[in-house]
Amino acid sequence: MLKDILHFSSINTQTFDADWLKANNTRLDILRIDKIHPVVSGNKWFKLKYYLEEAVSQNAQTIGTFGGAYSNHIIATAYAAQAIGLRCIGVIRGERPKQLSHTLRDAEELGMHLHFVSREEYNNAEKIKPDFPGVYWISEGGYGPVGVKGAAEILSFANDLASYTHIVCAVGTGTMLAGLITASFPHQQVIGVSVLKNNFSIEDEVRAILPDKHHPFKIVYDYHFGGYAKHPEELLNFMRDIWTEHRFPTDIVYTSKALYAIKDMITKHIIPQGSKVLTVHCGGLQGNLSLRPGVLPFL
Ligand SMILES: *Cc1c(COP(=O)(O)O)cnc(C)c1O
């Protein structure tokens, strides 16, 4: 069962200790939900939780979802399906390569049936679904109100949640952000760091899945480092420094960019001095396996 492979009791809060925090009299706490599983991103379980419940209650035998070759959501869904005894289909963007990415290889080993489609077909999910009757579908990245409901539970693991002035997280589909917004207090500013380049429609996409459409939040667009999965040397150097100084592992897609953004916003006083900031580490380190071995001193 799921609860046997997940370690919720190991979630903890780590207070980050750095000169740029001391200099600005700011505290940064990191909620380590990455600790629930070594491979599967923490937030993916939270986002999947109520979809899986719904699938089971509808007596679905098979769940299906969508993703790319390095998708944390694909591997999480494959694990979850295996653990609760459902069959699963992963609709994968692009042709089947001669050599599968480690993510897809692992997903296949976990029993996920991989169905490769062209980019064009991928962008038209509604046309693919009828080919697989009876499947309970979960949208890419778990995006949707059901995913938000699960993601809102992430903050129940924070101690003294009300004491934070800012809550910051990385934004892919924005489902986790919507969950954090939902669970936050009115006096807190919730900031999402967009990891996709110029993805300005994300604000509307987040609002569309919020139970309270008027809840304020902010998205910053300056920290994508060239786009999703782009990892210039500047970002890799930042990740190496954070590892050397703090023994803190980050992934190239999300957590590194969020942490970089937090440092930059604190240093530039966009997050004012004296603030108490909470961020979430969701893991996703398996994505670093797409790098050449040795590029990073960890993983
Ligand atoms: C998926 C993921 C995110 C982003 O979550 P969204 O809900 O899609 O915005 C952030 N960090 C990690 C490690 C992830 O795997």
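## Helix packing and sheets in a predicted model

Helix α4 and helix α5 (residues 102-109) pack with their axes 9 Å apart and at an angle of about 15°, where axes are lines fitted to C-alpha atoms, for helices over the stretch in contact, and angles run from 0 to 180 degrees between N-to-C directions. That makes α4 roughly parallel to α5, since angles under 35 degrees count as roughly parallel, over 145 as roughly antiparallel, 65 to 115 as roughly perpendicular and the rest as oblique. The structure is a predicted model, in which local features need pLDDT of at least 70 and side-chain atom pairs count only at pLDDT 80 or more, while totals for chains, interfaces and linings use all residues. Residues are numbered from 1 along each chain as its sequence is written, and side-chain values use heavy atoms, with hydrogens and water left out. Helices (H or I, at least four residues) and strands (E, at least two) are DSSP runs, numbered from the N terminus.

α4 also packs against another helix, α3, as the table sets out beside the pair already described.

| Helix pair | Angle | Axis distance |
|---|---|---|
| α4 and α5 | about 15° | 9 Å |
| α3 (residues 42-57) and α4 (residues 72-84) | about 45° | 11 Å |

α3 and α4 are therefore oblique to each other. α3 passes α4 in a right-handed crossing, whereas the crossing of α4 with α5 is left-handed; a crossing is left-handed if the near helix is turned anticlockwise from the far one by less than a right angle, and right-handed if clockwise.

Towards α5, the residues Ile74, Ile75 and Ala78 of α4 meet Thr103, Leu104, Asp106 and Ala107, contact meaning heavy atoms within 4.5 Å. By class, this contact has five nonpolar, one polar and one charged residues, with Ala, Val, Leu, Ile, Met, Phe, Trp, Tyr, Cys and Pro counted as nonpolar, Asp, Glu, Lys and Arg as charged, and the others, Gly among them, as polar. Towards α3, the residues of α4 in contact include Asn72, His73, Ala76 and Tyr79, and their counterparts in α3 are Lys44, Trp45, Leu48, Leu52 and Val56. The contact of α3 with α4 has eight nonpolar, three polar and one charged residues.

An open sheet of six strands, with mixed pairing, has the order β1-β2-β10-β7-β8-β9; two strands pair if DSSP finds at least two bridges between them. β1 (13-16) and β9 (218-220) stand at the edges with a single partner strand each, so one side of each is left without a neighbour in the sheet. Within this sheet, β7 (residues 166-171) and β8 (residues 189-194) pair in the parallel sense over six bridges, and His166 has Gln189 in β8 as its bridge partner. Helix α9 (residues 175-183) packs on the sheet, touching β7, β8, β9 and β10 (276-281), and its direction makes about 165° with that of β7.

Seven of the nine residues of α9 are buried, among them Met176, Leu177 and Leu180, where buried means under 20% relative accessible area, exposed over 50%, and partly exposed in between (1.4 Å probe, protein chains only). Strand β4 (residues 87-93) is likewise mostly covered, with five of its seven residues buried. β4 runs parallel to β3 (residues 62-67), the two being joined by six bridges, and Ile63 has Cys88 in β4 as its bridge partner.

Most residues other than glycine have a negative phi. Asn198, in the loop between β8 and α10 (202-208), has a positive phi of about 50° and is partly exposed, with a relative accessible area of 46%.
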